[in-house]
Amino acid sequence: MKTTYPRQIKETNQIDFVLTYLKRKDSATTYELKELGIGAPAAVIKRLRDAGYEIATNRVDVKNANGLVHRNMAEYIFVAGPSDSGGAK
């Protein structure tokens with residue numbers, strides 16, 4: 001059975017979408033982002049990191065709606081933005 005994903009979000013909007021989503025939820029898996037229309041989540045995360053955002057990666061097992069387990073999938077965790085100093089001013 002072929003998995004179909006929703007229509008992809010335009011590339012220009014993917015970075016803003018993923019950043020907003022991570023800030024709201026604190027984390028998201030590759031599977032979750034693909035389900036939301038992000039065609040290449042790792043590439044979007046790299047662009048965010050290159051822009052100065054701190055995003056951690058954990059490896060997790062994810063079960064899809066059909067019960068199939070995807071092992072060692074990336075889970076991205078928002079840590080800090082480029083202007084966050086990490087301490088009180």
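## A first look around Gly52

Leaving aside residues up to four places away in sequence, Gly52 touches Gly81 and Pro82, where a contact means heavy atoms within 4.5 Å. Before going on, a word on the source: this is a predicted model, where local features need pLDDT of at least 70 and side-chain atom pairs count only at pLDDT 80 or more, while totals for chains, interfaces and linings use all residues. Residues are numbered from 1 along each chain as its sequence is written, and side-chain values use heavy atoms, with hydrogens and water left out.

Back to Gly52: you'll find it in the loop between helix H3 (41-50) and strand E2 (54-63). Its C-alpha atom is separated by 8.3 Å from that of Ser83, 31 residues apart along the chain. Gly52 counts as partly exposed because its relative accessibility is 36%; buried means under 20% relative accessible area, exposed over 50%, and partly exposed in between (1.4 Å probe, protein chains only).

Now the wider view. The protein has three helices and three strands, and along the sequence the pattern reads α-β-α-α-β-β. Helices (H or I, at least four residues) and strands (E, at least two) are DSSP runs, numbered from the N terminus. Of the 89 residues, 31% count as buried.

The three strands make an open sheet in the order E1-E3-E2, with antiparallel pairing. Strand E1 (27-29) and E2 sit at the edges, each pairing on one side only. Two strands pair if DSSP finds at least two bridges between them; E1 and strand E3 (residues 69-80) have three. Ser27, for instance, has Ile77 in E3 as its bridge partner. Helix H3 lies across E2 and E3, running at about 160° to E2; axes are lines fitted to C-alpha atoms, for helices over the stretch in contact, and angles run from 0 to 180 degrees between N-to-C directions.

Then come the salt bridges, three of them. The term covers a side-chain nitrogen of Lys or Arg within 4 Å of a carboxyl oxygen of Asp or Glu.

| Side chains | N to O distance |
|---|---|
| Lys25 and Glu32 | 2.8 Å |
| Lys46 and Asp50 | 2.8 Å |
| Arg71 and Asp61 | 3.1 Å |

Arg71 in strand E3 and Asp61 in strand E2 link distant parts of the chain, 10 residues apart. Arg71 is exposed at 61% relative accessibility, whereas Asp61 is partly exposed at 49%. Lys46 and Asp50 are separated by about one helical turn, because they are four residues apart in helix H3.
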